[in-house]
Amino acid sequence: MNGTAKTNEMSGALPLVSIAAPDKNVLDHIHAWLVTVDHKKLGLMYIMYGLFFFVVAGIEVGLIRIQLAVPNNHFLTPQVFNQLFTMHGTTMVFLVGMPLIFGFANYLVPLMIGARDLAFPRLNAFGFWLSVFGGLLLYFSFIGGEGMTGAGSAPDVGWFAYAPLTGRAFSKGHSTDYWTLGIMVGGFGSIATAANIITTILCMRCPGMTLTKMPLLVWLNLIMCGMVLVTISPLTAAQIMLLLDRFVGSHFFDTQAGGSATLWMHFFWIFGHPEVYILVIPAFAIASEVIPVFSRKAIFGYPVMVGATIAIAFVSMSVWAHHMFTIGMTSTGNTFFVVSTMMISVPTGIKIFNWLGTMWGGKLRFDTPMLFGIAFVFHLLIMGLTGVMLAAAPFNWQLNDSYFVIAHFHYVLVGAIVFMIFGGIYYWFPKATGRLLNERLGKWHFWLFLIGFHLTFDTMHIPGVLGMPRRIYTYEAGRGWEILNLICTLGMAVQSVATLVFVWNIVSSIFKGRRAGADPWDAWTLEWATSSPPPEYNFAEIPIVKSRRPLWDIKHPTDPDWKYE
């Protein structure tokens with residue numbers, strides 16, 4: 001022992017000292033999240049950001065529904081009502097839908113393709129914080145967007161911001177400028193994230209994972225990100241033109257000076273209708289992962305599913321003007337957009353048969369993710385049927401700007417997208433936290449939300465057919481709308497209770513949920529091959545795959561999928 005000490009002393013070696021890592025306090029943890037470039041943490045922050053604004057949008061629409069519950073109600077003033085429906089629509093599309101789909105893509109795509117992160121981690125963080133800044137800038141309008149009385153004024157021009165409502169003459173102060181700049185900044189963040197995800201998918205797949213062996217969630221997010229790059233550009237161009245109209249004196253949308261209000265409509269809906277598919281394709285992706293696992297069958301018609309999604313992406317670029325049948329387009333123009341809008345129902349219908357074919361003959365397990373998946377398929381069918389009805393120009397002329405259109409669109413945004421987002425959260429929550437959500441509370445959440453959804457939006461079709469216009473802050477009694485609006489409001493209250501159940505389930509399960517293990521669902525894709533939650537580097541060794549279901553191959557070496565693909 002003395003000899004050893006003497007040797008160390010002579011050689012100049014320092015004695016080994018064990019240094020304990022300092023305990024991290026709450027501020028250290030918050031700082032770690034704020035400066036992270038880890039795709040998993042950024043994905044979770046995207047999802048938390050989207051869920052926060054989902055609650056905000058729910059409060060806004062709750063106030064709207066209270067106002068419309070009875071005729072001649074003065075719970076809200078007309079100006080506040082206009083602000084609320086503008087902010088509700090803008091929030092749901094840009095601050096709920098977009099962050100949620102990018103959150104799932106951020107978290108899952110690298111894990112599913114066997115990568116250790118996105119291609120550009122710092123760009124990923126930059127895109128996220130741009131999106132956050134855009135959302136905060138939009139909501140700062142409540143304080144900084146000076147209104148006619150000198151008080152704060154939120155945007156009140158609708159989430160579509162039609163000209164001439166956005167002109168200086170009709171939109172004084174800066175509320176419209178906050179809307180324009182907030183959405184534009186968030187759009188830059190979306191473009192950065194979409195380019196990052198595309199690069200990751202095309203360049204960083206693990207050995208053996210060809211394009212035909214990628215999970216459908218990866219394929220569909222690749223298509224979605226390509227659509228983001230194409231469609232956000234015209235919206236940004238239109239917003240720049242609007243800013244020039246308002247601050248420099250140009251006349252792009254000023255009809256009295258030779259501009260065109262219709263030009264804004266074309267620019268906006270060239271973005272706006274593909275945006276619906278940008279939001280719903282990731283819901284398709286989640287359904288295509290959840291339904292096979294809980295049916296205990298591989299997805300039915302994988303190549304057809306990919307082809308149908310590519311067809312949707314292309315056709316969706318040619319349907320925008322079905323929002324404009326009433327503005328006086330030519331008969332040729334109307335006919336083109338009628339045909340293209342009806343065409344898009346074909347690949348969408350193919351997907352429904354893919355999911356039904358997957359469930360058919362399977363050993364179905366009705367856990368909460370699967371319940372949301374089944375409801376999603378049904379809602380997609382109803383959404384498609386009412387969409388085909390609105391694609392017929394004469395029918396559209398009668399119901400355009402009515403509550404029938406509101407009901408149809410909410411079947412898309414809530415019945416399809418929100419339902420499948422909930423299903424995805426119940427499915428991947430164990431992967432992100434290592435704990436399962438409470439199944440009993442999950443089923444309460446599902447059934448309450450389902451009942452509330454149908455009370456509100458099934459009923460809402462009827463006042464639309466009876467002629468109730470959208471965007472009116474009150475209405476006279478005796479038109480047959482009273483009881484229908486009251487039912488819609490009661491349905492909204494039930495959905496609010498369901499959301500509270502969901503929030504409680506999340507919070508309680510984080511601390512007290514049952515331990516999940518690495519693969520609680522006996523699933524087949526690579527994210528379940530690592531621990532729950534995954535380490536920062538995802539995989540100690542980059543996996544090698546031979547089929548679309550690599551975990552099936554490991555679990556069933558005598559009957560691997562690669563023999564049949």
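**Note on the nonpolar core and aromatic pairs**

1. The largest nonpolar core holds 167 residues, and Trp 355 and Phe 376 touch the most other members. Helix α9, residues 261-295, gives the most to this core: 21 residues. Keep in mind that this is a predicted model.

2. What does Trp 355 touch, leaving out residues up to four places away in sequence? The list is Phe 284, Ala 287, Ser 288, Ile 291, Ile 299, Met 305, Phe 376, Val 377 and Leu 380.

3. Aromatic pairs number 50 over the whole structure. Take Phe 453 and Phe 457. Their ring centres are 5.2 Å apart and their planes meet at 50°, so this pair is tilted. The cut-offs matter here: stacked needs planes under 30 degrees apart, edge-to-face over 60.

4. Phe 453 and Phe 457 both sit in helix α16, residues 439-465. They are four residues apart, so about one helical turn separates them. Both are buried.

5. Two tryptophan rings carry a charge over the face. Arg 549 places its charged end over the ring of Trp 552, 4.5 Å from the centre. Lys 546 lies over the face of Trp 562, at 5.4 Å from the ring centre.

Terms used
Residues are numbered from 1 along each chain as its sequence is written. This is a predicted model: local features need pLDDT of at least 70, side-chain atom pairs count only at pLDDT 80 or more; totals for chains, interfaces and linings use all residues. Side-chain values use heavy atoms; hydrogens and water are left out. Rings of Phe, Tyr and Trp (its six-membered ring) pair if their centres lie within 6.5 Å; planes under 30 degrees apart count as stacked, over 60 as edge-to-face and the rest as tilted. Helices (H or I, at least four residues) and strands (E, at least two) are DSSP runs, numbered from the N terminus. Buried means under 20% relative accessible area, exposed over 50%, partly exposed in between (1.4 Å probe, protein chains only). A charge sits over a ring if NZ of Lys or CZ of Arg is within 6 Å of the ring centre and within 35 degrees of the ring normal. A nonpolar core is a set of buried Ala, Val, Leu, Ile, Met, Phe, Trp, Tyr and Cys residues joined through side-chain atoms within 4.5 Å. Contact means heavy atoms within 4.5 Å.
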